[in-house]
Amino acid sequence: MDYFDRFAIPHPSPAIYASMVAIGLTVIAIVAGLTYFKKWGYLWREWLTTVDHKRIGIMYLISALLMLFRGGVDAIMLRAQLAVPDNKLLDAQHYNEVFSTHGVVMIMFMAMPFIMALMNYVVPLQIGARDVAFPRLNALSFWLFFAGAMLFNISFVIGGSPDAGWTSYFPLAGNEFSQSVGTNYYMIALQISGIGTLMTGINFITTILKMRAPGMTLMKMPMFTWSSLIANVIIVFAFPVLTVALAMGTMDRLFGTHFFTTTNGGMDMLWANLFWVWGHPEVYILILPAFGIYSEVISTFARRNLYGYKSMVASMVIISLLSFLVWVHHFFTMGQGALTNSIFSITTMAIAVPTGVKIFNWLFTLWKGKIEITTPMLYSLLFIPLFTLGGVTGVMLAMSAADYQYHNTMFLVAHFHNVIIPGVVFAMLAGLTYYWPKMFGFMLNEKLGKWAAWLLSIGFLLAFMPMYITGLDGQARRMYTYSESTGFGPLNMVSFIGAAIMAIGFVVIVYNIYYSTRYASRDIGSDPWNARTLEWATHSPVPEYNFAIVPQVDSAEAFWDAKKNGQELCKGEFEKIHMPNNSGVPFILGFIIFFAWGFSFVFAMWIPLIIATIGIFACLAYRSFEQDHGRYISVEEVKKTEAKLGGMQK
């Protein structure tokens, strides 16, 4: 019995028991469905073993949407708890667990895979490549991310959720104050997922620099590809810092070291520094690809080329550099002195300048444009004022003296969401709608899409604007309740209503996907938006090899110019196409073995951990000695596919 006691939930509740039952029934239903419809072979051949960047992108997308649901449920619980004074919906412990997991799920397991989904699907198409540079590494990256996400998400039903906040500050995250295995889950799950993200960064830098179509120089690349390149450079520099910090935190918790303790030579502020040296660049890892999406959408539906291309690129490079020079603004109140605070206050304000340049570039692109209000364009237009408000409050927080009032209040919560929701979530929904026909061969319903956009925007304003006021009035974040005498009740009820409206908006998106899947026309052609960039020069949905003939790029908008001038974009004759073979090793190594390795580490089960470690090295050795040079798609097969899809796109 002692063995099973370690897996028990330290703070059980009826909701958690209901979740256990729901998870069990869901697993049974999935297994039964796959067995009944005889889809195990299809699942293994087409998805679990795939190295196709497009299918990997779709799997990232599915994961992101699932995690959006999980994080959204947490958010509704938080707002419901604070909707009225002295509420008993959640106790203090459960509230700690919910806001801790909400932050991690939304940043690491929703926003990141959403960006990786679009990056995986779109970037190789935008640069005219047939795949990424390292297809198997790409598959391994996804399965490592997925293993980390699933490991983190089982914590609340096996062993208990993390409860030290999404930043997991020490000494609160140490064994003395976080005695359950919840923080172990945090350390190990983020480590596994982070390794996958680091691999993605290396892969996409190589892909963009080495696999562009003939004639596509760096300054002819689409803006989303530029933003992806810079975001992946940030990943390569920032994520090793997180890796080291998590390793040190794991050793403190499992092996009794003293990196982050307040005794025996430890330094708890070391964690805060290492976390935010990664954490603030992470914000720009999320926001820069979002800026790239907005650039593509605004340019397409303003029917104009993007204004100030070179300044857009330069501003992203400057943002990437400054992103590593602002981390101390996250702890202005923690005692590092006036000089240090002043320096980081200035660098924080400075980063608003290149961001402002981008806002004006989008506005100038819209000026005199023939604007068409589609769902992606609506998200983009709503983004500009909402994100600008978040940026202005960010400059307020950058003033170190004023931050003594703003810090650790709901004002800060409002600011962060004011940046992330319009800046990242709206961009991902715009990108999802924009690229949906390219992924699946049909369009999402425009009327439902616009309803969702307006519901999310109205709900967002109602949910977060009141927090600025209650924050300035002194409502602290991370507090699970408050008394009626504070006067916070009415505005918190408004916030809850806003969160509920946002939830309805996401329900409309889910219904839109269902409705469009059943009823949308499949006869939409390859370029339903009349777009400008290279990914629209191939079929929708995209064949395995992307382009039957690799396009020749002669300008920054080669596809648009070819359409406008009647030129031929893909010149030459069909040739056999080399493609990589599918492989089960990334799934076995990245998901099965690393999941077992992480689970064993969380519970300090050393024998299973050693076995899993041997399995990791066995997979690496197998791959090292494997002779697999891929395969060729014959000219006849290419011609047959092109004819089936409607003829070669020129």
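Which residues in α15 meet which residues in α17? In this predicted model, Ile421, Val425, Leu429 and Trp436 are the residues in α15 that meet Met502, Phe506, Ile509 and Ile513 in α17. Sorted by class, this contact of α15 with α17 has 8 nonpolar residues, with no polar and no charged residues.

**Helix α15 against helix α17**

- Helix α15 covers residues 410-440 and helix α17 covers residues 489-519, and the two pack at an angle of about 15°, with their axes 13 Å apart.
- Because angles under 35 degrees count as roughly parallel, α15 and α17 are described as roughly parallel to each other.
- Where α15 passes α17, the crossing is left-handed.

**Helix α4 against helix α17**

- Helix α4, which spans residues 53-82, packs with α17 at an angle of about 160°, and the axes of these helices lie 8 Å apart.
- Because angles over 145 degrees count as roughly antiparallel, α4 and α17 are described as roughly antiparallel to each other.
- The crossing in which α4 passes α17 is left-handed.
- On the α4 side, the contact is made by Leu68, Ile76, Arg79, Ala80 and Leu82, while α17 brings Asn492, Ser495, Phe496, Ala499, Ala500, Ala503 and Phe506 to it.
- By class, the residues of this contact of α4 with α17 divide into 9 nonpolar, 2 polar and 1 charged.
- Phe506 of α17 is listed in the contact with α4, and Phe506 is also among the residues of α17 that meet α15.

**Cavities**

- The count comes to 4 cavities of 30 Å³ or more, and the largest cavity has a volume of about 100 Å³.
- The lining of the largest cavity is made up of 13 residues, and of these Thr433, Leu444, Gly449, Ile509 and Asn512 lie nearest its centre.
- The elements that give two or more residues to this lining are α13 (375-398), α15, α16 (446-472) and α17, and α17 gives the most, with 4 residues.
- Divided by class, the lining of the largest cavity has 9 nonpolar and 4 polar residues, and no charged residues.
- Ile509, one of the residues nearest the centre of the largest cavity, is also one of the α17 residues that meet α15.

Definitions and conventions:
Residues numbered from 1 in each chain as written. Predicted model: local features only at pLDDT ≥ 70, side-chain atom pairs only at ≥ 80, totals over all residues. Heavy atoms only, no water. Axes fitted to C-alpha atoms, helices over the stretch in contact; angles between N-to-C directions. Parallel < 35°, antiparallel > 145°, perpendicular 65-115°, else oblique. Left-handed = near helix turned anticlockwise from the far one by under 90°. Contact = heavy atoms within 4.5 Å. Nonpolar A, V, L, I, M, F, W, Y, C, P; charged D, E, K, R; others polar. 1 Å grid on protein atoms, 1.4 Å probe; cavity = no way out; pocket = protein on both sides within 12 Å on 5 of 7 lines; lining within 4 Å. Points joined across faces, edges and corners; volume = space filled by probe spheres on them.
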